[in-house]
Amino acid sequence: MKAKVIVGAIVVVIGLVLGAMNFMESNVEYADFSVAEQSHKKVQVKGEWMKEEATNFDVQKVKFSFFMKDESNRVVKVVLDGAKPNNFELASSVVAKGKFTNGEFHASEVLTKCPSKYEGSSETVKKTL
Amino acid sequence: MELLGTIGSVIIKVAFAAALAAVFFYYRSFKGNSDRALFYARNCYHLATLSLITAASVFLYLILTHQFQFTYVWEYSSTDLSLPLLISTFYAGQEGSFTLWALYTSFIGIFLMLYTSRRDYESATMSVYSLILSFLLLMLVVKNPFTLIWDSFPADLVKTGAIPGGLQNVVILDAVKGVWAQFPSQGKGLNPLLQNYWMVIHPQILFIGFSSMAVPYTLAVAAMMKRDYHSWIRIATPWAVFGSMVLGTGIILGGYWAYETLGWGGFWGWDPVENSSLIPWLLCVASIHSALNQRKTGGFVRTNIVFSLLTFVTVLYSTFLTRSGVLGDTSVHSFVDPGMWVYWLLLGCLAVFIGIGFGLFAFRVKEMPRVPVKHSYFSREFALFLGAFTLSFVALFVAIGTSSPIITSIAKGKASAVEIAYYVHTNLPLGIVICLLSGLGQLLWWRQSNAGSFTRSLMVPVTLSLVITGIVYGVLGSEEFLILLFTFCAAFSLIANVKVGYSVFAGNPKFVGGSIAHVGIAIMCLGFVTSSRYDSKATLALERGRPTESMGYRLTYLGYKELDSERYAFNVEVHHGGVTKTVAPIMRFNSQDNSTIRHPDVINFLSRDFYVSPVTVESGGETAVSHTLVRGRPVAIGDLTVTFNEFEFTDEHRAAMAEGKEFFISADLLVQEGKSSRQLKLLMRNSAAGSDFVPATYASKDGKQYQFAMTRMMPSQEDPSQSAVAVDVTLPHDPAVHQKEDTLIIEASIKPMINLVWAGTVTLVIGFLLTILRRVDEARRQGDKIQASE
């Protein structure tokens with residue numbers, strides 16, 4: 001009986017430790033471009049899309065690129081694997097997840113944070129009068 | 001109508017008070033065993049239910065008749081919705097979905113009352129259950145679904161003084177002081193993503209599931225109140241199975257919704273909202289397994305109580321996660337910040353029910369019977385025990401992953417969600433264990449375990465599963481070891497359960513539910529592997545009319561069809577193995593905010609799905625080219641030479657600006673064509689609503705149209721000669737040049753054997769149904785026994 005409890009406890013502890021390690025690994029840290037440039041790790045950078053700079057969509061490679069200003073005001077070209085994200089024009093800020101290579105930020109994912117259209121706002125209430 | 005709303009909110013308060021009174025009287029009846037108190041309690045509960053039904057009917061009436069003077073109706077519905085969708089706006093927002101949850105909870109309570117009254121469990125059970133209902137109703141008292149729109153937006157809608165003539169929808173609030181308000185004539189409408197039939201059915205099923213998850217908790221607390229640690233298990237089991245079946249169906253329907261219309265690419269995205277219904281489901285299923293142990297051995301008393309308590313506590317925790325706004329914007333689902341009240345109420349609700357359940361548990365734990373269980377590794381009981389614990393570990397890891405934004409914001413100060421890989425890595429080993437156990441456990445149960453006969457019974461399933469794994473490996477190609485192991489275990493579970501199920505069926509068909517449910521799970525697991533581990537994906541650019549080969553399919557973009565002013569269907573012909581079919585994924589372009597919503601389309605072959613999700617469409621012919629024109633420097637555009645001269649802001653327009661009226665600023669261009677030249681003014685319109693640029697057309701001598709659209713003004717204060725303007729110019733269409741056709745960009749993927757997932761789901765639900773029938777029958781016989789002995 002005792003032996004079983006000990007074996008069980010060891011299995012549980014190992015499981016928890018592995019789970020915790022996995023948790024740490026898969027939590028992508030926030031950073032700005034300068035930190036990302038040095039670390040070469042996958043990070044997420046929060047910032048805003050530079051609307052006045054050109055955006056480009058490469059039809060053949062299916063890559064969307066735009067310029068983004070991070071929270072320390074550094075502007076870097078972001079190349080996203082995929083098309084322009086949903087609600088990109090609306091976004092008040094964007095979060096790009098990816099790695100910094102060769103002076104560009106290669107993002108696997110770009111999340112857009114929108115001032116939700118489906119939230120009550122006094123502007124829309126006036127429009128529907 | 002405003003009166004109806006007032007009535008509605010009063011009735012909700014009545015319902016809340018009645019539910020609280022039911023808690024009080026039921027508790028009195030439990031303590032004093034008083035029939036009088038029981039009589040009051042039942043009536044109070046019925047009054048609460050009846051009031052809630054009335055309030056919900058009033059609410060639905062307001063929605064159906066488009067009463068936009070109510071914030072909720074304005075917020076989520078509009079006059080252009082079809083009737084089913086209009087009804088579904090009932091639960092499109094927080095207030096409404098809490099109403100629906102409370103409504104189903106009160107209905108289920110009626111059945112629970114009848115059911116427990118025959119088993120001498122009513123007073124204890126219903127006192128706890130009424131408390132749950134009270135909390136849900138308190139939520140509605142705080143977040144009133146009948147809030148009037150001018151109370152939500154007083155600054156915009158409430159005015160004082162004379163009412164201008166011709167205004168519609170005006171309500172006089174205070175005739176003496178001359179206060180009045182205007183309310184909208186149209187609602188904001190339902191989020192387009194939700195506008196399909198899934199919205200009509202999926203949330204309903206999910207909320208019935210959520211509501212029924214309260215029952216095992218209630219019965220466990222009642223059991224502790226009554227110090228009855230054994231017979232409650234039989235009473236609770238049918239409810240736990242019912243809850244798992246309904247919630248499980250709701251979860252998988254949500255997955256199908258995401259797959260088929262929302263275009264997430266798969267049926268499961270490990271999103272917080274999905275996870276939060278999965279966690280209670282896993283714990284409920286664990287409790288069903290662990291309960292089987294107690295029925296057999298009399299042991300696992302505390303384990304079962306804890307599992308049943310956790311089932312509902314995790315429902316509340318999930319609700320807190322997804323409704324309080326704590327997850328912020330780390331998820332695809334948008335969470336509206338509901339305000340501090342709701343946040344604290346949800347947290348308080350969680351604390352209260354953890355406190356009641358686990359507090360009582362701490363009081364009673366010492367007196368709970370400890371039945372020493374004879375441990376044998378080769379017993380069904382040991383397999384059930386391990387199975388239940390593995391399931392709860394899955395629940396734990398999913399809960400940790402889902403809570404990641406909270407954990408990281410406490411630990412690091414910045415909320416971040418875990419990657420999907422986290423869930424796959426943690427759950428894959430556990431999934432392997434679960435599949436293995438569900439096969440072994442069933443075999444052990446059937447062969448009353450002596451080592452020899454057990455080993456013999458393993459021969460066929462193991463051999464066949466090796467063959468299946470071999471086929472998967474051979475046909476679909478190599479994958480990592482763990483995936484192959486998972487495939488093997490799922491196949492093993494499938495065959496073992498089919499084998500056992502067949503033998504059970506031959507003995508007593510009523511008992512076959514468990515085997516069938518396991519067969520369903522095993523089929524689903526195989527489907528998970530083939531469809532999401534052996535899928536192939538490609539992003540393709542399809543030029544209209546030109547066939548493109550990919551992954552063995554020939555795809556041709558045929559053109560688009562306008563469905564309505566916003567939605568376009570893009571027809572793509574798919575040719576494969578002599579069969580030609582057409583898919584029509586849909587994109588919805590919202591002109592107001594430039595957003596795009598994409599709906600995929602699927603061709604369902606027996607052995608695989610061909611999944612096409614639209615990415616974007618690039619128009620071929622006329623493309624605008626951006627130019628930056630610096631003052632005084634000529635730029636060649638097409639046959640023209642264009643020079644930007646100056647910005648013009650006339651005194652007349654300055655005066656208009658000062659008065660707050662609409663005014664214009666222009667950029668003056670000189671357009672030269674050959675020897676002649678002409679002025680072109682590009683205007684920027686400014687008004688209270690904001691500013692926009694007015695496009696201009698230049699017609700050349702031979703009648704060609706150049707479209708000029710200013711995109712930005714860049715005046716330079718320090719050096720006016722450096723002022724510039726950004727312009728998009730669309731060149732005229734030239735028939736001589738080869739016109740490049742529209743190009744549709746799609747993401748195509750092949751999901752092998754995804755039908756296994758859906759087939760497994762149906763099998764699972766059938767298994768659950770059969771189990772419910774059996775357990776209800778059993779509980780009824782137990783109830784008869786109790787009544788006979790009285």
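Reader: Which residue in S3(B) stands opposite Lys159(B)?

Author: In S3(B), Trp180(B) stands opposite Lys159(B). This is a predicted model, and every value discussed here is computed from it. The pair belongs to the contact between S1(B) and strand S3 (residues 179-182) of chain B, which pair in the antiparallel sense over three bridges.

Reader: How many strands form the sheet that has S1, S3 and S2 of chain B in it, and in what order?

Author: The sheet is open and has three strands, in the order S1-S3-S2, with antiparallel pairing. To find the edges of such a sheet, look for strands with a single partner. Here strand S1 (158-160) and strand S2 (170-174) of chain B have one partner strand each, so each has one side without a neighbour in the sheet. From one strand to the next, the twist averages 35°.

Reader: What is the strand order in the open sheet of chain B that has four strands?

Author: The order is S4-S22-S12-S11, and the pairing is again antiparallel. Strand S4 (536-543) and strand S11 (601-604) of chain B are the edge strands, each pairing on one side only. The average twist between one strand and the next is 25° in this sheet.

Reader: How many bridges join S4(B) to S22(B)?

Author: Eight bridges join S4(B) to strand S22 (residues 743-752) of chain B, and the two run antiparallel.

Reader: Now hairpins. How many residues lie between S5(B) and S6(B)?

Author: Two residues separate S5(B) from S6(B) in their hairpin. Met551(B) sits in the turn and has a positive phi of about 50°. Strand S5 (residues 548-550) of chain B and strand S6 (residues 553-562) of chain B are paired in the antiparallel sense over three bridges.

Reader: How do I read a pair of helices? At what angle do the axes of H10 and H11 of chain B cross?

Author: A pair of packed helices is described by two values, the angle between the axes and the distance between the axes. Helix H10 (residues 214-226) and helix H11 (residues 231-262) of chain B have axes that come within 9 Å and cross at roughly 170°. An angle over 145 degrees counts as roughly antiparallel, and therefore H10(B) and H11(B) are roughly antiparallel to each other.

Reader: Which residues of H10(B) and H11(B) meet?

Author: From H10(B) come Val215(B), Pro216(B), Leu219(B), Ala220(B) and Ala223(B). They meet Trp232(B), Ile235(B), Ala236(B), Trp239(B) and Ala240(B) of H11(B). Sorted by class, this contact has 10 nonpolar residues, no polar ones and no charged ones.

Reader: Take a single residue. Is Ser9(B) buried or exposed?

Author: Residues under 20% relative accessible area count as buried. Ser9(B) has 12%, so Ser9(B) is buried. Ser9(B) is located in helix H1 (residues 2-32) of chain B. A polar atom of the Ser9(B) side chain is 3.2 Å from the backbone oxygen of Thr6(B). Apart from neighbours within four places in sequence, Ser9(B) contacts Asn144(B) and Phe146(B).

Reader: What is the secondary structure of chain A?

Author: Chain A has three helices and six strands. Read from the N terminus, the elements of chain A run α-α-β-β-β-β-β-β-α. Of the 129 residues in chain A, 35% are buried. Among contacts in chain A with a separation of 6 or more, 45% come from residues 24 or more positions apart.

Reader: Which residues does Glu37(A) touch, not counting those up to four places away in sequence?

Author: Glu37(A) touches Arg74(A) and Phe100(A) on that count. The side chains of Glu37(A) and Arg74(A) are joined by a polar contact of 2.9 Å. Glu37(A) lies in helix H2 (residues 33-39) of chain A and is partly exposed, at a relative accessible area of 34%. Asn102(A) is 65 residues from Glu37(A) along the chain, yet their C-alpha atoms are separated by 8.9 Å.

Terms used
Residues numbered from 1 in each chain as written. Chains lettered and ligands numbered in written order. Predicted model: local features only at pLDDT ≥ 70, side-chain atom pairs only at ≥ 80, totals over all residues. Heavy atoms only, no water. Axes fitted to C-alpha atoms, helices over the stretch in contact; angles between N-to-C directions. Parallel < 35°, antiparallel > 145°, perpendicular 65-115°, else oblique. Contact = heavy atoms within 4.5 Å. Nonpolar A, V, L, I, M, F, W, Y, C, P; charged D, E, K, R; others polar. Buried < 20%, exposed > 50% of the residue type's maximum accessible area, 1.4 Å probe, protein only. Polar contact = N/O pair within 3.5 Å; in protein donor to acceptor, adjacent residues only side chain to side chain. Pairing = 2+ DSSP bridges.
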